Amino acid sequence: MESVLEFKHISKYFPGVKALDDICFKAYGGEVLAFLGENGAGKSTLLKVLNGDYKPDAGEYLLNGEQKHFKSPQEAIEEGISVIYQERQILLELSVAENIYLGRMPSNRFGVINTAKANQMAQKIIEDFGLPISPSTKVKDLSIAYQQMVEIMKAYSRDNLKVICFDEPTASLSDAEIDSLFAVIEKLKAQGKIVIYVSHRMDEIRRITDKVAIFKDGRYIDTVVTAETDEKDMIKMMVGRDLGDIYAKLDKNKEIGDVLLEVKDVSSDYVKPVSFTLHKGEVLGFSGLVGAGRTEVMRAIIGADPMRTGEVYLEGKKIVNHSPKEAMENGIVLVPEDRKLQGIISNLSVAGNINISLMKQHSNKLGVISAKKEAKEADDGIKNFRIKTPSPDKKIVELSGGNQQKCIVARGVATHPKVLILDEPTKGIDVGAKSEFYEMICEFAKQGLGVILISSELPEVMGLSDRIIVMKSLKVSGEIMAKDATETKLLSMGMIEEKE
Amino acid sequence: MENTKKENVLKRFASAVGGNNLVLIGAIIVVFILFTAINPNYLTWTNFVNLLVAASLVGIVAVGHTYLIIAGQNDLSPGSLCAFCGVAVALFLQWGLPIPVAILLTLGCGVLCGLFNAWMVNCIKLEAFIATLVTQTMVRGFAQLICDGRPVAISNQSFIKIGTTRFLSIPVSVWITIIAFIVFGFILARTRFGRSIYAIGGSAEAARLAGLNPRRIVTVSFIIIGVLTALGGVVFAARMNAGQPSANVNLEFDAITAVILGGVSFAGGVGSMFGTVLGVLLIQAFGTGLIMVNVPSFWQSVAKGALLLAALTFDYIRKERREKELIAASKRNA
């Protein structure tokens with residue numbers, strides 16, 4: 001019998017976001033279905049609803065006509081639904097066989113585990129997959145690709161496996177490893193499993209999937225047949241408009257001034273020595289894979305992590321930042337990547353968040369804050385940055401992600417910085433807000449600020465920056481003028497070499 | 001028509017005072033009625049003043065706890081520190097030091113204790129709960145050491161007056177706590193330092209990246225509770241005419257219970273000084289009542305534990321409700 005997975009009116013809310021909005025569609029056994037959408041479109045949230053990590057606020061889903069309610073991923077796995085995540089979820093100190101049969105190792109009636117039998121059973125699966133590994137090898141001695149295979153085998157080893165989902169499985173795999181992963185996916189498909197494949201990479205989606213379900217801002221848009229649909233049309237559906245236009249229409253700053261910031265061999269415990277310069281009115285993009293050290297350089301520069309080596313010059317003068325506070329006083333502000341934990345102060349209001357860096361300016365000698373000055377600053381911020389909030393006194397967590405982010409940028413800009421560092425400023429925010437951010441960034445550059453833009457979205461870096469620095473393995477691996485950059489060039493500069 | 005109007009007035013009043021505070025005021029009234037019904041002597045002016053005097057020590061420590069717990073920290077050392085400072089001030093007076101010098105030296109002990117707590121939390125990165133447990137034990141030991149475990153009598157009559165003088169028929173010890181509530185309540189609500197406390201309690205890392213110095217704020221908060229506790233210890237010694245090394249056990253327990261009852265969240269970032277005032281009154285009204293209706297002391301301890309459990313349960317319910325409201329608000333905005 002062919003398996004059918006049906007989502008019926010699934011909705012899920014988080015503070016400030018409607019993460020899933022009335023999702024309805026079906027997935028069928030024996031085909032590979034891609035989930036396509038921008039960051040924050042709801043793909044991962046839907047997977048987490050599917051495997052019992054999240055409880056939906058409304059709606060239900062049916063597997064072969066049967067309504068399912070899982071309280072935990074463990075329960076989902078036992079019922080035949082497995083999700084393979086980017087982050088490995090296996091125990092490195094255990095063997096391949098022990099990981100595959102974790103919690104259900106074959107044992108005799110006294111509960112003594114029969115390792116030989118487990119190894120035998122695991123060996124059969126390994127042969128099925130055609131892998132050159134031994135069931136008794138410790139997982140930590142395997143390459144990342146094989147560790148991922150162990151996870152897949154773990155799901156595969158359950159007789160009742162019906163649904164298997166892959167969340168960005170190829171992020172850290174080489175081409176050869178991707179080939180063997182796809183062979184396994186083909187095998188699962190041939191066995192009639194429902195395979196869900198989440199990825200941003202169009203070429204992979206083309207290669208391995210039969211259909212593509214497209215998501216946008218928490219809503220399900222449509223399912224299309226991969227082979228019959230043009231790539232551009234898919235992107236248009238997932239973005240809602242032609243993104244190329246947004247960048248082309250931007251009114252970028254054309255007058256780039258003198259050197260503003262000079263960073264010489266700056267390193268910390270988390271990044272190797274890095275040097276670069278930033279000019280007045282310039283938007284300097286930082287590209288590279290997640291974990292390449294982009295955030296870490298910035299944290300060292302502003303003193304969020306202790307700087308181990310190197311020097312920083314601002315307008316020709318040497319500055320030393322022991323803390324973000326000193327950096328701010330010197331005119332360098334960071335808008336951090338992790339909005340939830342490092343950006344917003346969740347218990348304060350919109351006004352409180354905008355004003356938090358300016359308390360000194362807003363208070364008298366005794367430290368008493370002027371409510372009037374704060375109200376004015378908050379009103380200005382809300383107006384200038386078009387922050388959508390019912391009132392300045394609303395808790396910041398009640399706003400949408402994009403509006404929260406605007407508050408954080410407003411907070412930073414209110415301190416009148418010379419250098420503004422934006423770390424993944426548009427991560428997880430909707431397209432409308434994104435284009436507002438793009439306009440803002442151009443406006444900052446025109447005002448003579450130096451803007452550093454860290455972004456993992458290549459079109460964004462290429463569309464906004466004047467110059468792009470690429471980082472790889474905690475070092476700068478290259479620099480390129482934005483007008484000469486292509487996605488392929490940036491990717492090849494930023495890709496990690498194989499380590500076996 | 002008439003009814004809806006009344007409801008609106010009530011609603012406005014409730015939102016001005018705060019829902020939680022209304023519940024507390026109600027609870028205090030219930031406690032008063034209950035104990036008065038059992039023992040009519042409960043509701044007399046003398047007893048009320050005694051209740052305030054007893055509450056003044058818990059209250060002054062609770063002021064410090066309000067700061068610390070909103071900042072996401074805690075302190076288990078005040079009971080020991082209070083006893084230590086009582087003994088210390090008694091010894092200083094015995095040595096013949098002038099009263100102001102003796103008091104200042106004692107407050108200095110409070111500063112040192114606060115610095116030590118802050119050092120453990122900031123530099124060895126200990127959890128405040130564990131770090132201050134260390135201090136609690138060590139300072140209790142020091143309190144016994146410096147007087148060989150025996151109470152130190154105070155004969156300086158002018159000092160003892162601190163414990164007996166009244167102003168507007170209310171003892172000075174109560175006035176000191178009232179002033180502490182007003183001053184530190186104002187600082188918390190209206191100044192940079194107060195705002196910083198809320199900010200680091202909400203998210204220390206976000207506050208740091210926004211240009212605040214969480215370590216300094218934590219250090220100052222620990223010094224504040226140290227000094228306030230030391231002051232409480234001085235006044236307590238004056239009332240008792242002696243420094244008692246084994247006194248004030250569980251002082252921090254009462255203060256923390258009062259603060260949590262008053263609406264400060266253990267998760268940090270939430271609460272107000274007015275809530276703490278009500279929490280202190282409630283816990284003292286309850287404690288005094290238990291004594292006056294002759295509940296055996298072992299049962300009093302059980303009852304106090306139950307009160308803290310109730311406070312924590314309220315804290316949990318409030319947190320759940322806040323989250324639900326947030327989700328509901330997001331639904332409206334979406």
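How many residue pairs are in polar contact between chain A and chain B? The count is 9 residue pairs, both residues at pLDDT 80 or more; a polar contact is a pair of N or O atoms within 3.5 Å, one able to donate a hydrogen and the other to accept it, and residues adjacent in sequence count only if both atoms are side-chain atoms. This is a predicted model, in which local features need pLDDT of at least 70 and side-chain atom pairs count only at pLDDT 80 or more, while totals for chains, interfaces and linings use all residues. Residues are numbered from 1 along each chain as its sequence is written, chains are lettered from A and ligands numbered from 1 in the order in which they are written, and side-chain values use heavy atoms, without hydrogens and water.

**Interface**
- Contact (heavy atoms within 4.5 Å) links 38 residues of chain A with 27 residues of chain B.
- The buried area is about 2,700 Å², with 62% from carbon and sulfur atoms; the term denotes accessible area (1.4 Å probe) lost on putting two parts together, summed over both.
- The chains share 2 salt bridges, each a side-chain nitrogen of Lys or Arg within 4 Å of a carboxyl oxygen of Asp or Glu.
- Glu374(A) and Arg195(B) form a salt bridge through their side chains (3.0 Å, N to O).

**Sheet in chain A**
- An open sheet of 6 strands has the order β16-β17-β18-β13-β19-β20 and mixed pairing; strands (E, at least two residues) are DSSP runs, and two strands pair if DSSP finds at least two bridges between them.
- Strands β13 (283–288) and β19 (467–472) of chain A run parallel, joined by 5 bridges.
- Ser287(A) has Val470(A) in β19(A) as its bridge partner.

Technical notes. Helices (H or I, at least four residues) and strands (E, at least two) are DSSP runs, numbered from the N terminus.
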